[in-house]
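Me: I keep meeting labels for protein structures and want to know where they come from. Can we go through some of them together?

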Amino acid sequence: MTSPLRPDIAGAAARLSSRLGVKSEIRVLVGHLHPGETVELLAPAGHSAGRGLLSLTDRRLTFIKEKRVGTAVHAFPLTDISSVTWAPGVASGTLRVFVNG
């Protein structure tokens, strides 16, 4: 049996059009959040680590990919993000995040 999701994570997950391919990432997300950090939005996303979950919190933009052994996590504090671009595609698009430093 799995634990119930925190209300902020459950709310963001409910707004997803599909949870296909990101259910395990949604379950482990809480373990990768800082104390008091609140999830605003979730989206399935691709990255060099594979297909995973992009989460926007009140503090960071995070990509999480559950693997057979371990979890790949890439996190960027919002204060370090200098700009973001979006290029729409036919079925998906490309989000580019530019980080200071």
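Predicted model: local features only at pLDDT ≥ 70, side-chain atom pairs only at ≥ 80, totals over all residues.

Me: What pattern does the protein follow along the sequence?

Reply: The pattern reads α-α-β-β-β-β-β-β, which comes from two helices and six strands. Helices (H or I, at least four residues) and strands (E, at least two) are DSSP runs, numbered from the N terminus.

Me: Why is S55 called buried?

Reply: Buried means under 20% relative accessible area, exposed means over 50%, and partly exposed is in between (1.4 Å probe, protein chains only). S55 has 1%, so it counts as buried. This residue sits in strand 2 (residues 50–57). Leaving aside residues up to four places away in sequence, S55 touches L29, L41, L42, R60, L61 and T62, where contact means heavy atoms within 4.5 Å. Across the protein, buried residues make up 28% of the 101 residues.

Me: What makes E37 and R60 a salt bridge?

Reply: The rule asks for a side-chain nitrogen of Lys or Arg within 4 Å of a carboxyl oxygen of Asp or Glu. For E37 and R60 the N to O value is 2.9 Å, so the pair passes that rule. The pair links distant parts of the chain, 23 residues apart: E37 is in the loop between helix 2 (23–28) and strand 1 (39–47), and R60 is in strand 3. E37 is buried at 1% relative accessible area, and R60 also counts as buried, at 9% relative accessibility.

Me: How many salt bridges does the rule give?

Reply: The count comes to two. D8 forms one with R6, with the closest N and O atoms 2.6 Å apart. D8 has 18% relative accessibility, so D8 counts as buried, while R6 has 28% and therefore counts as partly exposed.

Me: How do you know that strand 3 and strand 4 pair?

Reply: Two strands pair if DSSP finds at least two bridges between them. Strand 3 (residues 60–66) and strand 4 (residues 71–77) have seven bridges, in the antiparallel sense, so they pair. One of the details is that K65 has A72 in strand 4 as its bridge partner. The hairpin has four residues between the strands, and G70 takes a positive phi near 90° there.

Me: What makes V84, W86 and L95 a nonpolar patch?

Reply: Patches are made of residues with over 30% relative accessible area and no salt bridge; nonpolar side chains (Val, Leu, Ile, Met, Phe, Trp, Tyr) are joined within 5 Å, and like charges within 9 Å. V84 is partly exposed at 47%, so V84 clears the 30% cut-off. V84 lies in strand 5 (residues 81–88). Together V84, W86 and L95 have about 310 Å² of accessible area, by the Shrake-Rupley method with a 1.4 Å probe, where for residues only the protein chains shown count as cover.

How values were computed:
Residues numbered from 1 in each chain as written. Heavy atoms only, no water.
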